[in-house]
Amino acid sequence: MRQAFGTFTVTAPRQGLHLITDAVAAWVADQGMREGLLTLLVRHTSASLLIQENAAPAARRDLERWLARIAPESRDYEHDDEGPDDMPAHLRSALTAATLSIPVLHGRMRLGTWQGIYLCEHLHRPRQREIAVHLVGQ
């Protein structure tokens, strides 16, 4: 059994879903493991991770609109240290995930045909987001 740890930074130029599948796949390939379990953790409370449809841009846009409706920006929140998008960002993160677990087989993530890994940036301003990665396998 082997383990590999790492981190990589994703630049999120705007609020929304940003496809990071290729960066994660490249990291997995660099580890040289045939099979195992990959864990991803976004190290922020106003961003999250999501596995979702990666072929139809309309699905991404619909998800972004749904998150905006379910946790709208408002001056009514008590927590607004970084502005009116601060608390909605935390709520949107709570609705999605900070961690993902993905099986690895034959050196590749076992995602479905139309699945992609997204960094969900919930704040408006451009951000550098750090994702911790851990692969256990052989």
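**Glutamate 130 and its surroundings**

I looked up the polar contact of glutamate 130 and found that its side chain pairs with the side chain of arginine 43 at 2.2 Å. I noted that a polar contact is a pair of N or O atoms within 3.5 Å; within protein, one must be able to donate a hydrogen and the other to accept it, and residues adjacent in sequence count only if both atoms are side-chain atoms.

I recorded that this is a predicted model, where local features need pLDDT of at least 70, side-chain atom pairs count only at pLDDT 80 or more, and totals for chains, interfaces and linings use all residues. Residues are numbered from 1 along each chain as its sequence is written, and side-chain values use heavy atoms, with hydrogens and water left out.

I then listed the contacts (heavy atoms within 4.5 Å). Beyond its neighbours within four places in sequence, glutamate 130 touches Thr7, Phe8, Leu41, Val42, Arg43 and His44.

I placed glutamate 130 in strand β8, residues 127-137. Strands (E, at least two residues) and helices (H or I, at least four) are DSSP runs, numbered from the N terminus.

I also checked the separation from aspartate 76, which lies 54 residues away along the chain: the C-alpha atoms of glutamate 130 and aspartate 76 are 30 Å apart.

**The whole chain**

I counted 3 helices and 8 strands, in the order β-β-α-β-β-α-α-β-β-β-β. The C-alpha atoms fill a box of roughly 50 × 30 × 20 Å along the principal axes.
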